[in-house]
Amino acid sequence: SNLKQPSILIGSKTTNTAQTCDSIQTVPGTATITVATAGTDSTVPTCTVVAGYVYGTNCYDDREKANYNDGPTWYGSVPNVSVTAVEVMFWKSGTQGTQGISTATVGIKLYAGNITTGPTGAALGFTSNTMASVLTDSVTGDFFSHTFNFTNPVPVPAAGFFASVSLPTHNVGDTAVIVCDENPSANFVWERDNDNSWHAVTETPASWGGPGNLVVIPKYCFNLSGVGISQNLGISKNVSIFPNPSNGIVKISTTFLSEENISATITNMLGQVVASSKKNVMIDVMTLDISNQVNGVYFVSVSNGIDKMVTRLVLNK
């Protein structure tokens with residue numbers, strides 16, 4: 001099934017200094033997911049076949065499932081980043097999966113924190129919808145997405161934040177089954193137990209004992225008013241990155257009217273730098289070589305110290 005990668009900044013710009021934020025493009029990608037049939041947990045009788053997925057039924061009275069968004073990876077040095085909405089992919093198939101009384105609530109909370117120590121402090125922002133509202137989107141198939149919109153943009157830390165799905169706990173059987181990448185390269189998930197304690201899902205026996213990466217997609221915006229960078233992130237007009245998909249040799253073409261000190265980096269999905277270069281350029285072509293890397297999705301960042309653009313790159317050797 002085709003899923004989406006987390007949202008990232010793609011050469012966005014604003015021309016109205018009064019506007020609060022501008023749009024950020026969500027980049028499509030793919031991942032593999034597997035539905036597993038749930039059994040009955042003899043120690044918790046309410047854990048019946050209504051589960052059916054990795055992050056399944058709420059019979060354990062779990063409070064929240066939080067997915068981490070690393071700031072440097074997803075929105076770099078863009079200032080004043082806020083989240084306006086969060087899209088979550090759920091699963092429901094017949095009598096299994098996401099379900100509950102119509103007035104049960106499913107919500108989204110944003111937290112500061114990092115993947116090592118988990119969410120910290122009070123929620124930065126919160127919004128919720130009823131189960132009835134969530135399930136209106138389930139007519140599209142077993143896997144369906146639902147968007148939770150914040151009334152006002154919620155500022156998030158530059159270092160990163162958690163987007164957490166607040167689970168329904170009204171009645172036995174109320175549950176929100178969240179889709180998860182089956183074999184993520186690293187862990188991005190913490191969960192809040194019924195005693196309100198947070199645990200990385202890699203913990204055992206307190207949690208799942210393996211890594212997770214939920215399909216929980218924040219939608220970012222930013223405000224350039226009052227900051228010391230140009231009101232138009234115009235570097236994207238002067239930079240082209242090709243070919244894409246790439247066989248490993250990445251060309252960065254620049255067409256500036258005057259000499260610019262340009263830095264270019266390529267990072268993998270974990271935020272690790274796999275290639276970088278710095279050069280004073282006007283009309284020029286910079287070359288980066290990632291032919292020694294495995295096929296997959298990478299991100300090319302180009303900056304002149306004032307403006308920055310990030311482009312998704314597919315390596316297919």
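Two strands count as paired if DSSP finds at least two bridges between them. Strands are DSSP runs of E with at least two residues, helices are runs of H or I with at least four residues, and both are numbered from the N terminus.

The model is predicted: local features need pLDDT of at least 70, side-chain atom pairs count only at pLDDT 80 or more, and totals for chains, interfaces and linings use all residues. Residues are numbered from 1 along each chain as its sequence is written, and side-chain values use heavy atoms, with hydrogens and water left out.

The chain holds three helices and 15 strands. Of its 317 residues, 49% are buried (under 20% relative accessible area with a 1.4 Å probe, protein chains only; exposed is over 50%, partly exposed in between). Its accessible surface comes to about 14,000 Å² (Shrake-Rupley method, 1.4 Å probe). Carbon and sulfur atoms contribute 51% of that surface. Contacts are defined by heavy atoms within 4.5 Å. Among contacts between residues at least 6 apart in sequence, 70% join residues at least 24 apart.

Six strands form an open sheet. Their order is S5-S4-S7-S1-S8-S9, with antiparallel pairing. Strand S5 (118-130) and strand S9 (198-200) are the edges, each pairing on one side only. Neighbouring strands of this sheet are turned by 25 degrees against each other on average, direction ignored (axes are lines fitted to C-alpha atoms, for helices over the stretch in contact; angles run from 0 to 180 degrees between N-to-C directions). Within the sheet, S1 (residues 64-70) and S8 (residues 189-192) pair over four bridges, in the antiparallel sense. Asparagine 67 has valine 189 of S8 as its bridge partner.

Strand S12 (residues 249-267) pairs with S11 (residues 239-242) over four bridges, again antiparallel. Here, phenylalanine 242 stands opposite lysine 251 of S12. Six residues lie between the strands of this hairpin, and glycine 248 takes a positive phi near 125 degrees.

S12 also runs antiparallel to S13 (residues 273-289), joined to it by 15 bridges. The hairpin of S12 and S13 has five residues between the strands. In this hairpin, glycine 271 has a positive phi near 85 degrees. S12 pairs with S14 (residues 296-303) too, in the antiparallel sense and over five bridges. Threonine 265 has serine 301 of S14 as its bridge partner.
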